[in-house]
Amino acid sequence: MQNQSLNPSGPENEHIVENRELSIWEALIPVVLLMAMLAYNIFFAGGEVLGEYSNQFILLIGGVFAAIVGLFNKSTLKTMAKEIWENLRSVFIPIMILFLVGALAGTWLVSGIIPAMVYYGLQVLNPTIFLPASVIIAAIISIATGSSWTTSATVGIALVGIGTALGIPTGMIAGAVISGAYFGDKMSPLSDTTNLAPAMAGTDLFTHIKYMAYTTVPTILITLVVFTIISLNIDTTGTADISGLLKTIETTFAITPYLFIVPIVVIVLILFKTKPLVALGVGVGLAAIFAMIFQTQILETLHESEVTALFNAIFTDTAIVTDNDKLNELFSSGGMEGMLWTIYLICCAMVFGGIMDGIGALARITKALLSIATSTFGLFSSTVISCLGLNTIASDQYLAIVIPGKMFKKAYQDKKLAPENLSRTLEDSGTVTSVLIPWNTCGAYQSGVLGVSTGDYFIYAIFNWLSPIMTLTFAGLNIKIRQLVSAKKS
């Protein structure tokens, strides 16, 4: 997901709380109630059964039900509170990054950086290859940085802007960006999840990456083929409309290649392993300076004080009005304030996940899955289901890797399966599917940063939902299922 510095407590310090008193049915009560409430809210109430923050309230209500179940089974409020605190502490840095991403979006807008990216991108990225090109660009940046979060916050935002100007649906663009970003995140030795999965399974990093390529490369190739077919068959605004967009951007902003100095500096800082908070902070500061240099006319139209206009871009709403409705929608930003909905969602998800862990429900559900894994394929299937379930229940990508990794490690050894089988499955089903869950930290982050709901990009995040299917296909057909050296070849 993000760089290792994003989790101050360290994913390797994640632990599992067990509760011998809790039955599987009791452990599932909060899950069933949560899923029922979320389903009703999404499908029957338009997402606002309890107002704008319905999902947040539902997660808290689910946490209350979980706490009641725990109290009936000898769990203590102190244990629950401790797990909630640990969960909230683990997302402190990601929340700070979200605030900075909001500030980055605002300052990169008023400084002309995003408009410049759109302006030049419209001339370079042909609509017929835009979607597969977006996958490749996002993949390259993510491999280099080891962070899908950083990729989305930089080139992802720009690609959504360019694609929107071309008339391509935002769900498709976000799906392409996320597919490429998570491919790179998954295969990069700089990624924390790529280091975490082999650590949990008991193999080394580069064996893990090499073995993971067997399922990951076919998945990304299929993704590229599908996006190529989609690109060749979608209707875009065409060349005539693009010329009008270019003229509007030219007359509204001072467009110059010098504006690209800011994103280049940010990317270089990330490549040199600068902490994300520092890199994004530099990006905000430089963009503010460039706005004062190149876009004084924009700042003057936003407020009589240029400094106040910049502060508004960082902290609150900013909207730059042009003569094109499509660009008006694109050239608006919520600043830090625009990230609050996402931040509240993450915090509420951490509360629910913390209570579920504190009462021992997460461990109980995972053990139940392990008990039905009697065959090799059953073991792989149980691992996948466990990862998917924990991404949904615990709302945390780390837990979706750590808990199944700890629980299933001995089972893989007993089946005489090499540990890289487990580490690959953890990544194929834990790392990449987190972004498909709206209340998961990854899903909430990507949706907030790209400005596209998970429901809109879900089907187009092809790489992400295809990855667990691919790993189960390999398991079912017994392709590249490596045995321990001491095991006899079947």
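## A helix pair

Select helix H12 (residues 261-271) and helix H13 (residues 276-294), whose axes come within 9 Å and cross at roughly 165 degrees; helices are DSSP runs of H or I with at least four residues, numbered from the N terminus, and axes are lines fitted to C-alpha atoms over the stretch in contact, with angles from 0 to 180 degrees between N-to-C directions. H12 and H13 are therefore roughly antiparallel, the term for angles over 145 degrees. Show next the side of H12 with Ile261, Val262, Val265, Val266, Leu269 and Ile270, which touches Ala279, Val282, Gly283, Leu286, Ala287 and Phe290 of H13 (contact means heavy atoms within 4.5 Å).

This is a predicted model, in which local features need pLDDT of at least 70 and side-chain atom pairs count only at pLDDT 80 or more, while totals for chains, interfaces and linings use all residues. Residues are numbered from 1 along each chain as its sequence is written, and side-chain values use heavy atoms, leaving out hydrogens and water.

Move to Ser447, Gly448, Leu450, Gly451 and Val452, the closest to the centre of the largest pocket among its 47 lining residues (a pocket is an open set of points on a 1 Å grid over the protein atoms alone, where a 1.4 Å probe fits, with protein on both sides within 12 Å along at least five of seven lines; lining residues have an atom within 4 Å of a point). H1 gives the largest share of that lining, six residues.

Finally, select Met117, Val155, Ala158, Ile162 and Phe260, which lie nearest the centre of the second largest pocket, lined by 17 residues.

Terms used:
Helix = DSSP H or I, 4+ residues; strand = E, 2+ residues; numbered from the N terminus. Parallel < 35°, antiparallel > 145°, perpendicular 65-115°, else oblique.
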